[in-house]
Amino acid sequence: MGCRDIHDATQIGMLMGYCDHQMHRLMTRMLRQYDVSPMQCRTLTFLQEAEGEVNQRMLEEHLMVKPSTASGIVGRLVEKGLVRRQTSESDGRCRILALTDSGWQFYAQFCSIADQVNTQAGQGLSEEEKDTLRRLLLRVADNLSETQEDTE
């Protein structure tokens, strides 16, 4: 038996993947003018929201990527002047990641773009429907993370 059409409500994973793909495409298109990828924006968001020092290992865990992937993302953000690497005050062997002034300024622009994408995604949904969707997606995410923990 082959995969069903995404409009088949029994294919939750397929529909979620399709929605993620469409949001990613729109975000990529809107960010193209800044030469920044959605994954780079996730990195900037993590650095902006983090409390205390952030090292690359923490970023790898947050993004769920390999060290080489995180290193490439950080390297490109450093080249663009959005992130800096600095030596930790508490451990001279550790490199800390932080937003530059340009990184902070770009983050504000990125938030505006993310708001536009989220507004488009929720177009035609009432606030109650959006709240229900958020609750259900969080439950699905919890279900999947429990399964992942059991298999690791």
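This is a predicted model: local features need pLDDT of at least 70, side-chain atom pairs count only at pLDDT 80 or more; totals for chains, interfaces and linings use all residues.

Entry 1. I started with Val83, which sits in strand β2, residues 83-87.

Entry 2. Is Val83 buried or exposed? Its relative accessibility comes to 3%, and the cut-off for buried is under 20%, so I put Val83 down as buried.

Entry 3. Next I asked which residues Val83 touches once those up to four places away in sequence are left out. I listed Leu44, Leu47, Leu77, Val78, Leu97, Ala98, Leu99 and Thr100.

Entry 4. I then looked at helix α2, residues 38-49. Its 12 residues should span 16 Å at 1.5 Å a residue, and I got 16 Å between the end C-alpha atoms, so the two agree. For its buried residues I noted Pro38, Gln40, Cys41, Thr43, Leu44, Thr45, Phe46 and Leu47. Two of these, Leu44 and Leu47, had already turned up as contacts of Val83.

Entry 5. Which members of the largest nonpolar core touch the most other members? Out of 25 residues, I got Met27, Leu31, Leu44, Val83, Phe106 and Phe110. The elements giving two or more residues to this core are α1 (12-31), α2, α3 (56-63), α4 (67-79), β3 (95-99) and α5 (101-121). Helix α5 gives the largest share, 6 residues.

Methods: Residues are numbered from 1 along each chain as its sequence is written. Side-chain values use heavy atoms; hydrogens and water are left out. Helices (H or I, at least four residues) and strands (E, at least two) are DSSP runs, numbered from the N terminus. Buried means under 20% relative accessible area, exposed over 50%, partly exposed in between (1.4 Å probe, protein chains only). Contact means heavy atoms within 4.5 Å. The expected span of a helix is 1.5 Å times one less than its number of residues. A nonpolar core is a set of buried Ala, Val, Leu, Ile, Met, Phe, Trp, Tyr and Cys residues joined through side-chain atoms within 4.5 Å.
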